Amino acid sequence: MNAARSTGNPFPAAAVARRSALSDDLITVPTAAIQQALSFADDYLAGWNAGGGAKAASGNVVAVVGEYGMGKTHLALELLRHISRAAGQDVRHLYLDAPADTFLALYKQRFMAELTKDELRQRVQDYYADLVADSLSQSKLTDHAAQRLRDRKVQAEAVIERLGLMESAFVQTLRERLGAITENEAFATALTLFLQPEFEYAVWEWLCGHVPDQALVERGITTAIDTDTAALEAIGVVAFLYGRQSRRFVLVIDELEKVLSPPHSPGTDTARAFKKLLEVFGAARAFLVLCGLPDFLEALPEDVRQRVGCIVRPSALSPAETRQYILDSQERAGHPRELTPFTDATIDYLVTLANGNARTIVKLCYHGYRMALAKGTNVTQAMIREVAREQFQLATRDDVRSEIARVLDLGGWLFQAQAAPKGTKASADFWVVHGEDGGGCAVLIADSVLGQKDGSALARQVEKVKDGREDRAVLLVVNGYLAETAIPVLSGAGDRPPLVHSQRRFAEDFDAAIKGVMQRLEAADRESELKVLRRQIDRQGRQQSQILREIQSVGQERDEVRRVLADLGDSHRQDTEALSASLNELARLTQQISESGVAGARNSYDSTTGLNEPTIHGDVHMHFHGPAENSPEPTKPRVLPEQVDALFTDALDRLEKLTPQTEVIASMFGGQADRSAHRSITDVTSDFLLVVGTWTVLRETIVAFRAAIDAWFRSDPKQPEELRDLCRSYDSAFSFLSPRAIEDLSRSMGPDNSGNVHRTFADLGLRIFDAARDAHI
């Protein structure tokens, strides 16, 4: 390999498929599973392209099932990209990473977060227009109006009013069509109200999962979308709106086992609603992709699984497919299309070691390439083994020992750490005692086992511990990577297949394993039943004692939490008092600035405190000290340079565009139109008041900062250190404001502007300093 080669690593460092890959050049090797999935997508697209158009299409539900790292998410993203490329602008796709929660959380935190009010309202308007057009097209007299509706040249409401049609009849038709999706008439009511400007904010708020506004309650929408069933129905309604307008709606729900596994296993009502959702996607000509571990399919009732159109199981990568992946990755990164620094031999070894697992292969490729580049050589098998040991051993051996000891303690087992069974020189990480004659179970912890050689050495260690005795067993725990080639060698050595340590469920798996092994030893024991019973009673006693100790520990932690919360309560009360005093002081100083200039405020403050440096007291007790001499008269105009004044003006203008407290509070007591544009009175919580208070303090702080900088420009001579102190005072004041309230303020400007708004305020001190310094120079 050429050591001078300086191009970057063509393989991703994090071998995890990401949603952003939709907009990148996603490298996809056409495995059998990929080809199978894309064929189902092509069948779905073919229905839309058939002679009957969208009406000839039918929906489909695809389940992508596989173990960790097999490429489930990558396959799902490739499906999204494939359909998007074929359908162009007529497809709306959503990718949802399921939370470890309920379907309701999936709906509120993931699904609705991907939609906007205006987008969804436009779909309702289009659907309503199509509904009216279908009715008008039945007569030649109104066929022209129907076509104008389908071309979106006129609004449905305008046509209904002009032709004197019965709007209630169309609303009833909408209810009847939605009845095929849900028996909850609230959705039909909400969608019709959504078309009316005075209700659109209230309806959107309800669709996002909030308690219905009083205006909605008066019209029959009395409950929130606050159950799994209601959430699944809402997803079905959205799919229906898109799919019935000649638009392809594609939804991917990834890691679905998080929602369907304990403690969130679906109840009868949820399973029924999920079954209905699958049916709705078929009827709505939509495409649903469900991804997850095999557990999620097993958690579904049989009649629900029958609604899944096809099941795709990602296959292991072969050496040939891995070679193609390496070549494609090199080419995409601008490298020559070649295997170097890999060779055919190292690729074969790498695939064998990874057992074809896509994520493991990509990870080994990245680190192998990095290591080879650093050494200026080709990738060798020894490098691959070293990478496997480094990258797959996520916990230290001491961490694993601590976890095992805790499980044994909670199980009430009598055990010794770092002990050797009687009559042997072999050493075990743990020895779980069984009987009085040296019987028991040894727990051996091994690092990565990367092949038959490592497996054989571990098997010999197992034989030493067992020493040919039937009353001894061995549990193997691998802390790292376990190669497939080593498993056959170890299959007959221990009393069960080796356990590979993982952060996710190792404690649960080890507990089940040790119980199984010890029960087998007891079943084969020739001791009297009385001795066995006595041993079981002793174990239960130890187990109960350990549980009591755990309960006492939890109680102590609870008491500590209560104490901390009490301290926080006192601190919060003191902070509130300090904030109130600080605001009063800030108001006083601001008033003094307007009356006699910053210098006068400084002299007043200095005479009281004896301080003449910029100071911060308490949480937000901040003062801007201007120069003491030559303070300007308040009647004089500002002398701020244009570029400095522009920064202050931009910050204050942006702040004014955020919802000010006066408008919000006034809207609570105004008409329905006012409330819909801002907030309902039920939204006035401590969080809301925190945002309003932050808005007020931030505005007054910027005004005072502006006056202080103006006074600095009037001073002579101008001291750069004083300018820096003024800007630092602003930064300190801003840092004391609630980050959550600042974030809420920024979000009110919309997702596209929130980052710019936050930077406008957070970086104002630095930008003012740079601009003022440049203007002074």
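**View A.** Asn355 is partly exposed, with a relative accessible area of 42%. On this scale, buried means under 20% relative accessible area, exposed means over 50%, and partly exposed lies in between (1.4 Å probe, protein chains only). The model shown here is predicted: local features need pLDDT of at least 70, side-chain atom pairs count only at pLDDT 80 or more, and totals for chains, interfaces and linings use all residues. Residues are numbered from 1 along each chain as its sequence is written, and side-chain values use heavy atoms, with hydrogens and water left out. Asn355 sits in the loop between H17 and helix H18 (358–375). Helices (H or I, at least four residues) and strands (E, at least two) are DSSP runs, numbered from the N terminus. Just after H17, the phi of Asn355 is positive, at about 55 degrees, although the residue is not a glycine.

**View B.** The buried residues of H17 pack against H16, H18 and helix H19 (381–392). These buried residues are Thr346, Ile347, Tyr349, Leu350, Val351, Leu353 and Ala354. An α-helix has 3.6 residues a turn, so residues three or four places apart point the same way.

**View C.** A cis peptide bond joins Thr340 and Pro341. The omega angle of this bond is about 15 degrees. Pro341 belongs to the loop between helix H16 (319–332) and helix H17 (344–354). Is Pro341 buried or exposed? With a relative accessibility of 0%, Pro341 counts as buried. Pro341 and Leu373 are 32 residues apart along the chain, and their C-alpha atoms are separated by 8.1 Å.

**View D.** Arg285 is not a glycine, yet its phi is positive, at about 60 degrees. The loop that holds Arg285 runs between helix H13 (268–283) and strand E4 (287–292). Arg285 has a relative accessible area of 9% and is buried.

**View E.** Ile27, in the segment before helix H1 (32–49), is in contact with His74, Tyr325, Asp328, Ser329 and Arg332. Contact means heavy atoms within 4.5 Å. The list of partners leaves aside the neighbours of Ile27 within four places in sequence. Ile27 and Asp328 are 301 residues apart in sequence, but their C-alpha atoms are 7.0 Å apart in space. Ile27 counts as buried, at 17% relative accessibility.

**View F.** The axes of helix H4 (residues 117–136) and helix H6 (residues 156–163) come within 9 Å and cross at roughly 35 degrees. Tyr128, Ala129, Val132 and Leu136 form the H4 side of the contact, while Ala156, Val159, Ile160 and Leu163 form the H6 side. Sorted by class, the contact of H4 with H6 has eight nonpolar residues, no polar ones and no charged ones. Ala, Val, Leu, Ile, Met, Phe, Trp, Tyr, Cys and Pro count as nonpolar, Asp, Glu, Lys and Arg as charged, and the others, Gly among them, as polar. Axes are lines fitted to C-alpha atoms, for helices over the stretch in contact, and angles run from 0 to 180 degrees between N-to-C directions.

**View G.** Helix H7 (residues 167–178) and helix H8 (residues 186–194) have axes that come within 9 Å and cross at roughly 135 degrees. From H7, the residues Val171, Leu174, Arg175 and Leu178 meet Phe187, Ala188, Thr189, Leu191 and Thr192 of H8. How do the residues of the contact of H7 with H8 divide into nonpolar, polar and charged? Six are nonpolar, two are polar and one is charged.

**View H.** Five strands form an open sheet of mixed pairing, in the order E6-E7-E8-E9-E10. Two strands pair if DSSP finds at least two bridges between them. Strand E6 (415–419) and strand E10 (499–500) stand at the edges; each has a single partner strand, so one side of each is left without a neighbour in the sheet. E6 and strand E7 (residues 428–434) run antiparallel and are joined by four bridges. Ala417 has Phe430 in E7 as its bridge partner.

**View I.** Helix H21 (residues 452–466) lies across E7, strand E8 (439–446) and strand E9 (472–478). The direction of H21 is at about 150 degrees to E9. Helix H23 (residues 506–523) lies across E7, E8, E9 and E10, and runs at about 165 degrees to E9.
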